[in-house]
Amino acid sequence: MKILIGLINGMISGATPILLAALGGAYTYYAGVFNIAMEGMLLTGAFFAVLGSYYTGSWLIGVLLAILGALFLSLIFILFAVVLKTDEFVTGIALNLFAVGATTYMLRKIFSVKGVFSNPAIQPIPAIRLPLAENIPFVGEILSGQILMVWVAGLATILTYFLIFQTRFGLRLRAAGYNPARLDSSGVPSSRMRALSLLACGVLCGLGGSFLSLGYVNLFAENMSAGRGWISLAAIILVNGNPLGIALISLLFGFSDGLGLLLQGYRVPSQFTAMVPYIATLIALYFYAARKRRLNSA
Amino acid sequence: MTNNPTLIEMRHIVKVYPPSVLALDDVTVDFRRGEIHSIVGENGAGKSTLMKVLYGLTQANSGEIIYKGEPVHFREPGEAIAAGIGMVHQEIVLIPEYTVWENIVLGVEPVNWLGKIDRQRARQLVKQKIDEFQFNLDPDARVESISVAARQKVEILTLLYRNVEVLILDEPTAVLTPQEIPQLFAELNRLRDGGHTILFISHRLEEVLELSDRITVMRKGKKVDTVPASATTRQELARMMVGRDVIFTTRRKPQPPGEAVLRVENLSLREDHGRVRLNNLNFEVRAGEIVGVAGVEGNGQFELVNTLMGIQKPTSGRIFIRNVDITHFDILQRRQYISFVPQDRGKMGASLVAPLWEDAIMTHHRLNPRFSQWNGLLLNTRFAQQFTRDLIENFSVVAPSPRAPFRTLSGGNQQKVIVGRELLLQSDFVLLDQPTRGLDVGSMEYIHDQILRIRAEGRAVLMISADLEEIFLLSDRILVLYRGQLVGNLPVEQTNPQEVGSLMLEGQVQSS
Amino acid sequence: MRQKILNALIGIVVALLLGAVLLLLQGYDPLATYEALFRYSLFGYYPFATTLRNAVPLVLPGLSAAIAFASGVVNLGQPGQLVMGALFATVGGLYLDLPPALMIPVLALLSMLGGLLWAGVAALLRRFFDMSEFIVTLMLNMIADFFTAWAITEPFKDPAAFSPMTPQINPNGWLPKWGEFNTMILFMFAAVILAWFVFNRWKAGYEWRITGQNALFARLGGCNINRNFMAVMLMTGALAGLAGGLVVMGGPHRFIRGLGANYAWDGVMIAIVANNGLIATFLYGLFFSAIQTGALGMELITSVPNEISQVLQAVLVLVIVASREYLNTFVEQRAARRRAREART
């Protein structure tokens, strides 16, 4: 039982940053932006979360700063890819490297350390205890005590689903992806929708990043996003952007994360257990490709 | 109608497409309130560009537009629509994944306070418009599931929903079957009678004469003249369009066909969901014979080309060339027997960014050992250049040098390069898919001459074309495809465009 | 050609100006900083030799990415292929004992084999299961990272070392130095020339190029798309792998943690900036290497952290690529305006 609960909790916290980043990516996916900058946005968010939390002692300001940091990347993306019409792939790659460089640089410049910055003054995002649910066996142990950002991620899933499929914003957003010329001719500039989608992506990646450095662990390490942005990209592609599908896939990756931790208990070298999420992505990709092939074989 | 007050004046419009294509050369024209005004001209005459300038889709380099007595300048279509001018493009730009009403309300959606779309109201508003103009559309149908004619109606309704007064239609009949055209014309006449102004771009003269009040003729970016439809004839319009008399007769000399080169037996292609794309085709193409394939687009032409070329595998049936069974050959193996001119130059026929010579030697580099050096490892670039220079000369291509980027050539010259490349392969069987679509008259005649030349050489030609005139001009025999079936296999002397037209539209539905 | 050079110059100037603004905002003197940056990378025998040598792990993955992208193959696996190449060369260097004249080529070939096999995994997954090489190579990067980390902590760890690293390889496998010039740069020159020759003169190279520009056209023209894909994947994997091997053989002579650094990703960026041109990739590789090399000297003199070079690189990429597309439209539009004036008169 303890193992199972540990596994589920590991799954949830492993899934949260991927889910948030992938939801952000879903907006850009529907708007027809080939956005691979989630990796850099997560990393930037993680850095600024620590920065804000350390200097003000408030996790909330940390989270807000994380959002602003990731939004800054969104703005650069918009400037180059939407306004100047630079190739989106190029912009994404350059931004990811910019994020690595800039965070490393600031880590050195501001905190005067290389590699890792951890300090007891960094205020983590609090866990939410649910007194009522706490006493329910099993379920209570999962529901209560989750970090706030987990609930935010859940809420963001539902909100994203609503926004994309029920609202005027969503209708226009998807139109920008399906056929930008149509949207343009209907009087709504598709570039505006692309820019908005990138801003949404920035906000969500900022949240995801703050969870990485103020929730998952309580420190900032160089390149700590560790490919999660890429995994979130894979998640989006695997379910064609559907927010509910993204939630499911993220949980799956979170599960493999938790599984990795569990395997360590069985003396599997930690390097191999750390590979599990990436291998899980490959396996998921295999099934995705197989299904697509079946649909296409005419 | 021809005495109505002027609504729009375009004065001295000049437009150059980068880097140096002069699309509009000092064009001055006026449109009157409540008239149907056609703009005719060949491909590339500038008719679409003129309308795009009016609509704000592209900006003129100089000139002015007076609308309702005021000078206007639309920087984007949204501004034009707001002012009451709307345009339906040649390629229909709808969102196939959306329903009819979603497409129509996009951009002006009724919403509640949450930003949630008020579906009920949106549908109702759309339904009202449909009824008002008697358009016979289902607002809840997904656009991907409705016919092309219905999609066109959605486009027009989208503009009417935004209360435009001026409707610009860019070659609307090009995508319609002959049966659907009268319905469109009736709708347009109703709109005109209701006070709308309609600008109608076309190059089909019969239609233009039937529909319009006035006609403006354009040639090579210049306006030739504006005439009342009642005061002109087809011949006169044609002469103004082309600048000389047009011969509508064939130059094909009688010639007895030889033995069969291509033989298709029981060819079928079924999709997984059971949809039949090709249904048991049987035909031959003989040496020295041109066989035209007629049919409304989407009735199996695409799949026929794909199965002949090896892009798609047929579900059953066999394909022979000179008694060699090529059904299971891969593309390269087939290329030893087939010359192929695809319908889309930029997508299938060439790389636009490559230098001309690299596009000219494709396939030859595999089949002709003179392109190889070092045991096939190296490409003999000197020979490749020589080969390209010869091709440029022999096929009258206008190009600065073999190293010029392919995209800098005009459409006609690009097509000549592709046709030249394929004919130089010396295959017995030549497959042509829309060989002259979108070309100027000069290039078109040139390519027709080449096709007749290879017929005289005794090669077998299968030509798919959406242009019935072209089919009758060149073919010895006409095949008609209808819903994946061969519904006609007619020697050209024993048929006429009317018969082929009705086969294309109704087929002779056989139970299978 | 002139336009390319103009584009590069405009891009570099604008990026350096932006960098200067960043430096000014933090209270540094941009002129002194740039002066130090280039003094310690280009001017002088030792700085120049170091720049050349540091260019090796940038140029080779850059070539790999450029060839792959220009052929329509989205191989983003250079980071993984590089460390796998490094691991293969290291393991070979630990267990083989051959005379240097044999040892060095054998280790180089081993590193190429490592990169090739790792790229081959992605190639096979694409070939037989239709799995997009884009995501697969990205995931394989992470897996290779962890795999090599394991290899140097467990089976091949130097028992005498405190942190994870292998022992030094057999000195016969060390790349000799000529003065300050490490012979690894010879491998780089050879790779650039060979890659250029294959890509531009081989028949296969012709087919790769056309496939990258228009795959359907190439396929209809009779090119063997699948075999070409395989070949490009394996060749570009080998190029990235070679970079890893050379880093080991020319530098620390062992596999230490973080050996791959950001080399391969920088290489990908360089290929993009160079618009997948091979010679341009080489030149930009040298330029980026100069920035990275000079940054270390600059830090000593001006106390500007050398990590600023990474920021500067990203800015360079964005500005050069954005200005390239702008320059094209600008040139074309100017021609159009001239034509319109002619028409009016």
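Predicted model: local features only at pLDDT ≥ 70, side-chain atom pairs only at ≥ 80, totals over all residues.
Student: Which residues is A:Gly187 in contact with, leaving aside its neighbours within four places in sequence?
Tutor: A:Ser53 is 134 residues away from A:Gly187 in sequence and 43 Å away in space, taken from C-alpha to C-alpha. The contacts of A:Gly187, once neighbours within four places in sequence are left aside, are with residues of chain B. They are B:Gly78, B:Ile81 and B:Gly107.

Student: Which helices of chain A each supply at least two residues of the side that touches chain C?
Tutor: Between these two chains, 36 residues of chain A are in contact with 32 residues of chain C. By class, that side of chain A has 24 nonpolar, seven polar and five charged residues. The helices that each supply at least two of its residues are H4 (88-111), H11 (228-238) and H13 (270-296) of chain A.

Student: What is the radius of gyration of chain A?
Tutor: The secondary structure of chain A comes to 13 helices and four strands, and along its principal axes the C-alpha trace spans about 55 × 50 × 40 Å. Buried residues make up 59% of the 298 residues in chain A. For a compact globule with 298 residues the radius of gyration would be near 19 Å, which agrees with the value for chain A, 19 Å.

Student: What percentage of the residues of chain B count as buried?
Tutor: Chain B has 18 helices and 22 strands, and its radius of gyration of 25 Å is close to the 24 Å that the globule rule gives for 512 residues, so chain B is as compact as a globular protein of that length. Its C-alpha trace spans about 70 × 55 × 50 Å along the principal axes. Of the 512 residues of chain B, the part that counts as buried is 44%.

Student: Which strands stand at the edges of the open sheet of six strands in chain B?
Tutor: The order of this sheet is E6-E7-E8-E3-E9-E10, with mixed pairing. A strand at the edge has a single partner strand, so one side of it is left without a neighbour in the sheet. The strands of chain B in this position are E6 (85-88) and E10 (222-228).

Student: Which residue in E9(B) does B:His37 stand opposite?
Tutor: Strand E3 (residues 36-40) and strand E9 (residues 214-219) of chain B pair in the parallel sense over four bridges. In this pairing, the residue of E9(B) that B:His37 stands opposite is B:Arg214.

Student: Which helix of chain B lies across E6 and strand E7 (166-170) of that chain?
Tutor: The helix in question runs at about 170° to E6(B). It spans residues 148-161 of chain B, and its name is H5.

Student: In the open sheet of four strands in chain B, which residue in E15(B) stands opposite B:Phe320?
Tutor: This sheet has the order E12-E11-E14-E15, and its pairing is antiparallel. Strand E14 (residues 316-321) and E15 of chain B pair over two bridges. The residue in E15(B) that stands opposite B:Phe320 is B:Asp325.

How values were computed
Residues numbered from 1 in each chain as written. Chains lettered and ligands numbered in written order. Contact = placed C-beta atoms within 7 Å. Nonpolar A, V, L, I, M, F, W, Y, C, P; charged D, E, K, R; others polar. Rg over C-alpha atoms; globule rule 2.2 N^0.38 Å. Buried ≥ 20, exposed ≤ 12 C-beta atoms within 10 Å, placed from the backbone. Pairing = 2+ DSSP bridges. Axes fitted to C-alpha atoms, helices over the stretch in contact; angles between N-to-C directions.
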